[in-house]
Amino acid sequence: MTDFIDFHVRSAFSFLEGASLPEDLALRASDLGHSALALMDRDNLCGAPRFYMAAKKLGARAHIGAEITGADGDYYPLLVENRTGYQNLCRLITSMKLRAPKGEATASEEELQQYAEGLVCLSGEGAPTRARFEKLVRIFGRRNVYAELQRHFHRDEEMRNQAAIDLGRSMKLPLLATNGVRHATPGERELLDALTAVRHKTTVMEAGQLLARNAERLLKSPRAMAYLFSDVPEAVEETAELSKRLDFTLANLGYEFPKYPVPPGETMNSFLRKRTDEGARRRYRPYHERARRQIERELALIEKLDLAGYFLIVWDLIEFCRREGILVQGRGSAANSAVCYSLGITAVDPVAMDLLFERFLSEERGEWPDIDLDLPSGDQRERVIQYVYERYGKRGAAMTANVITYRGRSAARDIGKALGFDPASLGRLSALVAHWGWRDPADTADRQFKQAGFDLNDARIRKFLSLYVAAQNLPRHLGQHSGGMVICQGQLDAVVPLEPATMPGRVVIEWDKDDCADLGLIKVDLLGLGMMAVLEESIELIRDHYGEEVDLAHLPQNDPRVYKALQEADTIGMFQVESRAQMSCLPRLKPKKFYDIVVQVAIIRPGPIVGKMLHPYLNRRQGFEKTICMHPSLEPILKRTLGVPLFQEQLLRMAMIAANFSGGEAEELRRAMGFKRSQARMREIETRLRSGMAANGIVGETQDPRVACRQLRTDRLRQRLFEVQLSGGVYRGHSQPAADGVLSSGDIGERRATPRSAFSSRGCDAVGMEVPSRAGNGQWPLVSAAGV
Amino acid sequence: MFACIHTPDARALARSFSPWVETVDEKTAVFSITPRQIAEKTLERIPHAQVAVAETVEAAILAARNFPGLTFLEPGDEARVLGSLPVDCLPPDPEIFQMFDLWGIRSLADFARLPENGVAERLGPRGLWMQRLARGALSRPLRPAIPAATYEESTELDYPLDRIEPLLFLIGRFLYDLCARLEAQSLASEALHLTFNDQERMLRLPFPTRDIKFLLKLVEHDIEARPLEEPVERVRLVILPTEPRRVQHGLFAPAAPEPERLELTLGKIRALVGEKNVKTPELRNTYRPGWSVSDSRLAFRYFRPPLEARVETKAGIPKKLWTRVCRGEISKIAGPWRTSGDWWRPDAWNRDEWDLELADGALYRIYRDGERWFVEGTYD
């Protein structure tokens, strides 16, 4: 069989210059019989991790490259040959991007020369002149330049090809056939045209020759390419040779998490052990045997997995916050760890709460633990972020990216504009699709469009609909993740290209959090939380006015006043349980113990509500309905929530038991439930879930409730648990006025949904105090707490 | 000499010196006067007015706008006095001002010192004009503000005219008078408004002119294209005045036909084929075959309509061709050249074309539409 590898493939990560996702390109290439494929997006490596992961799954090789825009207006299609080449490409992209405003980055000839080692350059689609070829040879070396040929059935392109063949042969440069791919399948050409119109801020009707001349820039089979280049067979044969030569894949990225510097005579393990021991003695009073055993078990596993450095680096951040007087709390599954509790990362005692350490860190899962830190939003969080930059260097740490993809309204707006709809129709169309679940276009589109006054028999409306659906999930631009930071031992810009963020002083990597997880880059989430600022100031006020020191790690879990307030839905100002929906549910659920609060927070979420789990749970809790489990095998998992699945963890474990999902598959399910990724992926997993369940004899209606997992977004159980505990705790008894005072004080209160006056005056009236507010100098006035 | 006053109500003030006053803007008026007159009158009237006296119009304007009180620019001393002003006093021009910043030029003296040739090379004609202005060496006539005049002639005839020649003779006479008046005011015409009895017609001119012959020809073509419905008893002609055309032909600009001739030719064509049937050709921005320039490097002659052909193919590649005008074995062939597009329209296209050479050496382009083949044209 003919072997042909396409080395010049753009994905949708070329941002409006490609119409297919990297995964779709990999899949299509594999279907067509390509043994490898190279991704070459414009000036970035954003799509590389997804492309690599998809190819890996399909058993194909994923070559990495990028088209670099030169300062001379030309562009340079570069392919990575080895690790040095990859590092050079990352550094080249970083250096050109950090210098120029967004979208205007170009590489100078000196930069190209500086980072040329390990890179292979194709001659590209520009006019093949001797001067250009000689310039490429001068920069990259004769061995690393290929005369590129593309055939899309244009007369002028064929003239260029003939010139390239002549020049290549005369300069003894190998010829290389590519197809300059912009989309995977022929149908996507229409989407590409629409995106081109969006890019040029015009409509497809006006775009004219900016649009594609035909639909030939698709992935073609090796056979088709061999036929196309039958007059220059060496150009096709050369692709297999080049593929053999490029031995770099993202598997050997060369990323290393930074080592924590320890004093002489110490190892990271011994240092962590000492810090944990110190902390545990402070936290556990007394330091009882159960805690001691748990900590020992955790430390042993941390040592085994060689994670001491990671814990020490997080501990270092916590110490920085402590020194600087910044309130910080770990959230997420870290709350399951007694070591985290001892190091001051979290404030929940997992031993007392009976939490499972394996949910945080397990040997089998083989992934890095996830510690997220909540910080007061605003300046203080920024200080911590800047501390990380300072400590690990500007090019040693960066924020993770957030890929902004086309969704409902944004897709409707852009596609509608590209198809030349007038502003009024555009408004109606985007309003229509915003309320309409695009996931099932076939079901409802016709009726819904008709209702909105659009005729689906109209060709343009039909095109709109099909392009709108096709545009879903395509990346639109790169944003910045709210708090994820990636830290690296050495230079991060040799691992992934860095870009400047809109906010001055910030640098962003080109990959999002899932990409980082896939490629083993470790991130620490530094998240801003308005409530943290409230808590911080509350603690200050309590200290100043009541002379009492509140330790968040030692708040009582069973203060009856807190539960009474909760049962009465008197929760304004209580984080997570203050919304109208929460307040209407609280008197029915009547929380009596801590776990009830956890359930309360989890139940008012889109998942349980859409999945129709709210009422069964409330009915069962109030004794109106019998507690039955869907299937006997699921009883251990669902017993605590009265047979109703409420938490993501429950769904994952249900999938493992009922549908024989492996740990890895369960992890995939968790990610698919995340907000950002494709619905198609969710459907794929759902099919596997259903067939797995059928294999275990679970059929018919029993399967249905699990479909709700489609809606059950990342519901981080312990995150909520922890935060509620904090706010609930501070809210107890006599500290309530203090908390109210902070909430009503302006900058935090205003950002919250509840009107300030509602809680501030009422809260204060209850205890007979004046509503406090900041004085003109920004200082807190003395609170006159007559009734306390 | 010329004097310029820069103060609110400058025009009224200037008129008290001289009836010949050019109003530059609301606050600036320039006129001809002797230095002695201006000095005397100004001192006794408004002590705070900015007044300048210079040998040229522009130097007087520049000095009055930028120096307080009374400024006398002695002939030959303009450059020295104006030189102290900052370059910002010159009429704004972002590109040239950017260059000033780059070169470190702050005052008019700095600018005036630069060699003229260098300025012309780097800043073009506009730069040279500005430099002369900065040196106070720009000379131009005064353009007095004269109340707007109407350019209108009309007559009522004793007997109706039913032939075109005497009518044109009459209009020619009107034009002769009106154009002479336009010339006296340095103006030209931008449109002719003609009224025959009660029928009105407007002739917009493609460029300002006061060429009587040309205008008369235009009127003639217009009457031929749109003949009069009844004998004419009343004729009225109004010319709408405008600034005359100033054209500097570039050495490297492509030569275009004389606008007057072009307009006359178009007028003739309009009269022949009807106004609605005269269009300007333009290139369509699309790859649609026949709508855009072919990507071939050779000149191409289209057959209108395309010639239907019979084509024998082998493995999808044309081998033999039969048409009304040419036939034979295909000796060489290149293609397919593929275009498709306008997918959002009902008439979307998707076409494969071939370029071929017959045994006699003639080059043709053929294409396929469904099951039928056509010869689109031939390469010259």
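Chain A contains 34 helices and 13 strands (DSSP runs numbered from the N terminus, with H or I over at least four residues for helices and E over at least two for strands). The model is predicted, so that local features need pLDDT of at least 70 and side-chain atom pairs pLDDT 80 or more, while totals for chains, interfaces and linings use all residues. Residues are numbered from 1 along each chain as its sequence is written, chains are lettered from A and ligands numbered from 1 in the order in which they are written, and side-chain values use heavy atoms, without hydrogens and water.

Of the 788 residues in chain A, 58% are buried (under 20% relative accessible area, with a 1.4 Å probe and protein chains only; exposed is over 50%, and partly exposed lies in between). The accessible surface of chain A is about 31,800 Å², and carbon and sulfur atoms account for 51% of this surface (Shrake-Rupley method, 1.4 Å probe).

Helix α7 (residues 188-199) and helix α20 (residues 459-471) of chain A pack with their axes 10 Å apart, at an angle of about 85° (axes are lines fitted to C-alpha atoms over the stretch in contact, and angles run from 0 to 180 degrees between N-to-C directions). The two helices α7(A) and α20(A) are therefore roughly perpendicular (65 to 115 degrees). Glu190(A), Leu191(A) and Ala194(A) of α7(A) make the contact with Lys463(A), Leu467(A), Ala470(A) and Ala471(A) of α20(A) (heavy atoms within 4.5 Å).

In chain B, Ile269(B) lies in helix α10 (residues 259-273) and is partly exposed, at a relative accessible area of 36%.

Definitions and conventions
Parallel < 35°, antiparallel > 145°, perpendicular 65-115°, else oblique.
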